[in-house]
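Please keep the structure in view while reading.

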Amino acid sequence: MSKKFLYPIFPKDCKSLLSKYLTKEIFEHLKDLKTTNNFTLNMAIASGVDNLDSGIGVYAGDVESYSIFGKLFDPIIQEYHSFSKNDKHKTNLNSDDLKAANPDPLGKYILSTRIRVGRNFANMPLGPAISKEQRDGVEKRASEALNSLDGNLKGTYYPISGMNEEISKKLIADHFLFKAGDRFLESAGLNRDWPSGRGIFHNDEKTFLVWVNEEDQLRIISMQSGGDIKEVFERLTKAISKIEEKIDFSYNDHLGYITSCPTNLGTAMRASVHIKLPNLALDMKRFEEITDKYYLQIRGIHGEHSQSEDGIYDISNKRRLGVTEVQCVQDMYDGVVELIKIEKELEKKL
Ligand code: ADP
Ligand code: CIR
């Protein structure tokens with residue numbers, strides 16, 4: 001007999017948006033619904049129910065999840081992106097519109113810059129609801145499209161299956177490859193059939209990389225040492241348009257690019273720097289006042305849910321939906337300029 005699906009009780013100190021918005025009434029309303037890919041509310045909330053330290057706690061199995069379970073997703077999207085269910089998304093990937101001269105030409109603060117977007121195939125379930133056969137098909141189509149790129153985007157696709165453990169450990173430590181066994185993704189069903197269908201494509205310099213079948217079917221990444229944010233954005237936009245010549249991605253006027261985690265909807269873009277701010281780090285209240293003002297998120301240097309080391313932080317745009325790609329990078333750039341200015345002032349007071 002199947003286990004009865006009961007209303008989850010969250011502890012008082014649970015801060016996830018799931019615990020905030022999944023009222024008993026909404027639960028009763030949604031608990032027996034499913035999408036055409038058989039994705040249920042139980043599946044959508046599993047990550048936040050298992051991981052009480054989640055910030056968000058929900059995942060979509062397909063684009064339909066966002067409407068069928070809209071009573072839960074809409075307020076979460078509203079709070080994270082300040083975006084209402086009647087708003088329209090807008091896109092602008094024209095790098096000429098970005099005003100971002102290197103804010104740290106001497107390389108004293110910014111160690112590296114990375115900009116990524118998530119993309120999922122049109123007419124295909126998202127990772128939490130995809131079958132093994134569909135996932136392997138995505139890998140085949142993605143690796144063929146990627147292996148045909150040329151110029152500075154030319155590279156090689158490396159499946160995770162059969163990858164030497166030393167090589168994968170080094171790629172993860174050097175910030176190029178996703179970690180295996182993430183517990184948030186595990187509960188969301190995103191690690192099923194691991195490692196089949198997963199892999200990484202990169203050029204020789206590792207300035208252009210694509211993750212295949214992690215949280216989204218593609219994570220298209222441009223990164224390099226230092227703070228030339230515009231160059232990183234230019235490489236990314238060129239890569240996106242080349243890949244879009246070969247693959248149709250899931251997109252609609254309301255939610256923009258469709259992703260499995262609602263925080264990534266819209267542009268699906270996270271533009272970040274690894275930046276050394278040891279003095280500002282001694283006053284986290286002030287640090288967070290600046291990051292809040294510019295709509296930025298602070299992460300540790302080994303990615304989400306990791307800690308800072310040696311006063312180095314991962315600073316990135318928080319908003320992704322209802323703002324353009326250029327604005328996402330501009331948010332990060334403007335905030336970083338301000339952070340460096342304050343760090344310099346604090347240095348002078350030493
Ligand atoms: P995502 O950016 O795809 O949401 P994570 O936060 O997990 O995922 O980060 C993925 C990897 O990218 C981690 O190894 C992280 O340290 C690395 N990373 C993120 N931003 C930068 C950056 N600016 N420079 C170098 N590595 C970065
Ligand atoms: C969580 O809920 O903490 C994870 N599922 C990750 C959510 C995405 N994080 C973010 O803030 N962008």
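Which residue in β10 does Ile298 stand opposite? In this predicted model, Ile298 has Ile315 of β10 across from it. The strands concerned, β9 and β10 (residues 312–317), are paired in the antiparallel sense over four bridges.

- Eight strands make up an open sheet, in which the order is β2-β3-β4-β5-β1-β8-β10-β9 and the pairing is antiparallel.
- The edges are formed by β2 (155–159) and β9 (296–299), each of which pairs on one side only.
- From one strand to the next, the twist averages 20 degrees.

**Helices packed on the sheet**

- Helix α10, covering residues 284–293, packs on the sheet where it touches β9 and β10, and its direction makes about 140 degrees with that of β9.
- Helix α11, covering residues 325–348, also packs on the sheet, touching β1 (110–119), β8 (269–276), β9 and β10, while its direction makes about 15 degrees with that of β8.

**Extent of the domain interface**

- The size of an interface is often expressed as the accessible area that is lost when the parts come together.
- Between domain 1 and domain 2 the buried area is about 2,000 Å², with carbon and sulfur atoms giving 60% of it.
- Of the area that domain 1 buries against domain 2, 35% is supplied by Tyr59, Tyr80 and His81, which is more than any other three residues supply.

**Polar interactions and contributing helices**

- The rule finds one salt bridge across the interface of domain 1 and domain 2.
- Asp53 and Arg183 form a salt bridge in which the closest N and O atoms are 2.6 Å apart.
- Across the interface of domain 1 and domain 2, the rule also finds 14 residue pairs in polar contact, with both residues at pLDDT 80 or more.

Terms used. Residues numbered from 1 in each chain as written. Chains lettered and ligands numbered in written order. Predicted model: local features only at pLDDT ≥ 70, side-chain atom pairs only at ≥ 80, totals over all residues. Heavy atoms only, no water. Pairing = 2+ DSSP bridges. Helix = DSSP H or I, 4+ residues; strand = E, 2+ residues; numbered from the N terminus. Axes fitted to C-alpha atoms, helices over the stretch in contact; angles between N-to-C directions. Contact = heavy atoms within 4.5 Å. Buried area = accessible area lost by both parts, 1.4 Å probe. Salt bridge = Lys/Arg side-chain N within 4 Å of Asp/Glu carboxyl O. Polar contact = N/O pair within 3.5 Å; in protein donor to acceptor, adjacent residues only side chain to side chain.
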